[in-house]
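Please look over the structure below.

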Amino acid sequence: MCGRFALLAKTDLARDFFDLAEMDDLTERYNIAPTQPILIVIAGERQEPGSNLPERKAMLVRWGFMPGWVKDPRDFPLLINARAETAIGKASFKAAMRHRRILVPASGFFEWRRPAEKGAKAQAYWIRPKKGEIVAFAGLMETWSSADGSEVDTGAILTTAANNDINRVHDRMPVIIRQEDFSRWLDCKTQEPRDITDLMKPIDDGFFEAIPVSDRVGKVANMGPDILEPVEERADEALPEKKKGAHAPPPSDQLSLF
């Protein structure tokens, strides 16, 4: 997954999909970028036995994870993603994996296909679910406290290897949590990280569709619905071979999650 996604869902749809106790009206957002506020869903207070009242709550956090032990944010990189394969043991995410797992509502995400030909333009894609209007990315949150006592709630999105559909565009994608697994993922009291590793895998082939869009999505200032309009897809070329851990720089001011 690249560094942009969108949330276009109606408030009632999001409230019902996540079984939320309450939720402020959603504003359609077409080009959500790192460091901006993002909507997340967390587990709320457990209800009395037999109660059918919603337990989950929605809140806003900054997209850009900050571990609690960081002393000066200026000396720490912006963590907008966490790799599912290593998050359990990585110092930055270990505590959040155990205590602060979240869901990130989204209508889809943007990704770029890098052509093999040197100097050729990359193709942007709007990747959305074929069925339904909303999905849930797996995420982590942390509240960072400064020396003066001020606090900032921060979050990151978990990524995993791309499935066969997305792999022609990019080799990574966000971890998708299905609705029937929301409770397991958010339950940090009884479900330890080792108990939910089966949820951190690529979503099934056929779940998403990739729609070619213009490279206007690469500019954070472009926030209107026109960035979702389909364009003619450039010739589908083989992806260039990459050295392990190497990625081509993103176009414009697009931030990469990898």
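A search of the whole structure finds eleven salt bridges, each a side-chain nitrogen of Lys or Arg within 4 Å of a carboxyl oxygen of Asp or Glu. This is a predicted model: local features need pLDDT of at least 70, side-chain atom pairs count only at pLDDT 80 or more, and totals for chains, interfaces and linings use all residues. Residues are numbered from 1 along each chain as its sequence is written, and side-chain values use heavy atoms, with hydrogens and water left out.

Three of these pairs are listed here.

| Salt bridge | N to O distance |
|---|---|
| Arg15 and Asp12 | 2.8 Å |
| Glu233 and Arg168 | 3.2 Å |
| Arg178 and Asp204 | 3.0 Å |

Arg15 and Asp12 are three residues apart in helix H1 (residues 11-18), so about one helical turn separates them. Helices (H or I, at least four residues) and strands (E, at least two) are DSSP runs, numbered from the N terminus. Glu233 and Arg168 link distant parts of the chain, 65 residues apart. Glu233 sits in the segment after S12, and Arg168 in the loop between helix H3 (164-167) and strand S11 (172-174). Arg178 lies in the loop between S11 and H4, and Asp204 in the loop between H4 and S12; the pair therefore ties together parts 26 residues apart in sequence.

How accessible are these side chains? Buried means under 20% relative accessible area, exposed over 50%, and partly exposed in between (1.4 Å probe, protein chains only). Arg15 is partly exposed at 23%. Glu233 is partly exposed at 32%, and Arg168 at 31%. Arg178 has 30% and Asp204 48%.

Now the strands. Two strands pair if DSSP finds at least two bridges between them. Five strands form an open antiparallel sheet, ordered S2-S1-S7-S8-S12. Strands S2 (29-32) and S12 (208-213) stand at the edges with a single partner each, so one side of each has no neighbour in the sheet. Neighbouring strands are turned by 30° against each other on average, direction ignored; the axes are lines fitted to C-alpha atoms, and angles run from 0 to 180 degrees between N-to-C directions. Strand S1 (residues 5-7) pairs with S2 over two bridges, and Leu7 has Arg29 as its bridge partner in S2.

Elsewhere, strands S3 (residues 37-43) and S4 (residues 56-63) run antiparallel, joined by seven bridges. Pro37 stands opposite Arg62 in S4. S4 also runs parallel to S10, with two bridges; there, Arg62 has Thr154 as its partner.

The largest nonpolar core has 62 residues. A nonpolar core is a set of buried Ala, Val, Leu, Ile, Met, Phe, Trp, Tyr and Cys residues joined through side-chain atoms within 4.5 Å. Among the members that touch the most others are Phe5, Leu103 and Trp185. S9 gives the largest share of this core, seven residues. Another core of twelve residues lies apart from it, including Phe110 and Val217.

Trp185 is in helix H4 (residues 182-186) and is buried, at 0%. Its contacts (heavy atoms within 4.5 Å) include Ile102, Leu103, Leu158 and Met200. The backbone oxygen of Ile102 lies 2.8 Å from a polar atom of the Trp185 side chain.

Ser146 is in the loop between strand S9 (135-145) and strand S10 (151-161). It counts as buried at 17%. The Ser146 side chain makes polar contacts with the side chains of Asp148, at 2.3 Å, and Ser150, at 2.6 Å. A polar contact is a pair of N or O atoms within 3.5 Å; within protein, one must be able to donate a hydrogen and the other to accept it, and residues adjacent in sequence count only if both atoms are side-chain atoms.

Conventions:
Lists of a residue's contacts leave out its neighbours within four places in sequence.
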